[in-house]
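Thank you all for coming.

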Amino acid sequence: MSHRPQFIKWTLCVILYIIVCSLLLKIRKGFYLTQQRNSIFLIKNNQTKQNFSIFQTDTTPINLEINILKRDEMNEQSINFQNGAILLQQISNTCAKYNLKTPLIRRHFLYNSKHKSMYCWIRKVASTSFTKLFSDMKNRRTARNYYREVDVLAPKTLNELRRNANDTKTFKLLVVRHPFQRLVSSYRDRIEDNSKYTTQAWIYTKKIFRLTRPELFHSNTTTGNFQQKVFTADKRLKIIPTFKEFLIWLLQNSDEDDVHWDRYYTHCAVCDVRYNYVLKLDNYMYGEISYILSKFGLDKNTAYLQKLERTHGGYTDFDTTCKYFANLTQDIIFRLYQRYKIDFEMYNYNLDRYIFCADKRT
């Protein structure tokens, strides 16, 4: 009987030991699981950082815009997140590379407060179609002369433009196309097409010919003065500057910009406005238009983007541009590239194909 209390004592000790060991094992297991979860999180986080490393740098903080694109793609919007993010990052990197500061110009932007939408128009880049869209959003029934709508649709003041540009709830759109194709399109529409009067032909032809054909300024009783030789009575061109003449003048007068051939980055204050989306008109998908309409707060099943005021003679694509470049020297094309170099870099446009369009004899 004397051994029984001792047996009970040892039995209790063994039970207590087992309980303590079980508790320690659970604690250790819990600690291990926590560490494992943390490791998995760190691995995934590092993988995410690696996946986004092509997008994120220590330049302008555009992570918010990129995250919105990612969210929209996950919500089955018809966009390619990766292409959109790369483009936004490339713009940011180029601004940082050249330390660019671009002034805000009120009349270059259209804004709709109800739809929380802002757009920078660029002439010869579907600007008429998008201006018509903003006009419709404001319930205006304009049938022509859409460029006059700018004064109505633009922000009222520069301060209002700044607020909208910095408002993360406002969807900001930029539309671009290859700088060379836009330049040829502008020349064809504003200089070469003499079936109509244009301000550009009236203003710049005299300046172009003073540089390339000074003999036209020699007046005599037979041919008349410059005005009589070059223009009709209703101010249309009788003698049209060639594309090469136009470029010779343009390259020597880079400070005399017109909205039809100025640089994108200066016209749209690209380094001071954090755009949400950049549409490249050269190779866009119809799904991108649907995405833009939905971000404008429009019903993409009923709203649409009208094609208005096409260039006389058809759309200016690469083949058309190449024909105009066939009369240029490679030196002129390289100089032209230098003029639009920042636009080329920002939107990942290529020069090579156009060099081969140049006159092979030069």
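Of the 362 residues in the protein chain, 44% are buried, where buried stands for under 20% relative accessible area, exposed for over 50% and partly exposed for what falls in between, with a 1.4 Å probe and protein chains only. Please keep in mind that this is a predicted model, in which local features need pLDDT of at least 70 and side-chain atom pairs count only at pLDDT 80 or more, while totals for chains, interfaces and linings use all residues. Residues are numbered from 1 along each chain as its sequence is written, and side-chain values use heavy atoms, with hydrogens and water left out.

The chain has 16 helices and 4 strands, taken as DSSP runs numbered from the N terminus, with helices being H or I of at least four residues and strands E of at least two.

Now to the rings: a search of the whole structure gives 27 aromatic pairs, and here rings of Phe, Tyr and Trp (its six-membered ring) pair if their centres lie within 6.5 Å, with planes under 30 degrees apart counted as stacked, over 60 as edge-to-face and the rest as tilted. In one of them, the ring centres of phenylalanine 180 and phenylalanine 325 are 5.0 Å apart and the planes stand at 50°, so this pair is tilted. Because phenylalanine 180 belongs to helix α7 (residues 179-192) and phenylalanine 325 to helix α13 (residues 318-325), the pair ties together parts 145 residues apart in sequence. Both phenylalanine 180 and phenylalanine 325 are buried.

What is the geometry between the rings of tryptophan 249 and tryptophan 261? Their centres are 6.4 Å apart and their planes at 85°, so the pair is edge-to-face. Tryptophan 249 sits in helix α10 (residues 243-252) and tryptophan 261 in the loop between α10 and α11 (264-267), 12 residues apart, and both tryptophan 249 and tryptophan 261 are buried.

Charges also sit over rings, meaning that NZ of Lys or CZ of Arg is within 6 Å of the ring centre and within 35 degrees of the ring normal. Lysine 235 lies over the face of tryptophan 202, at 4.8 Å from the ring centre, and arginine 353 over the face of phenylalanine 318, at 3.6 Å.

Finally, contacts, that is, heavy atoms within 4.5 Å: among those in the protein chain with a separation of 6 or more, 74% come from residues 24 or more positions apart.
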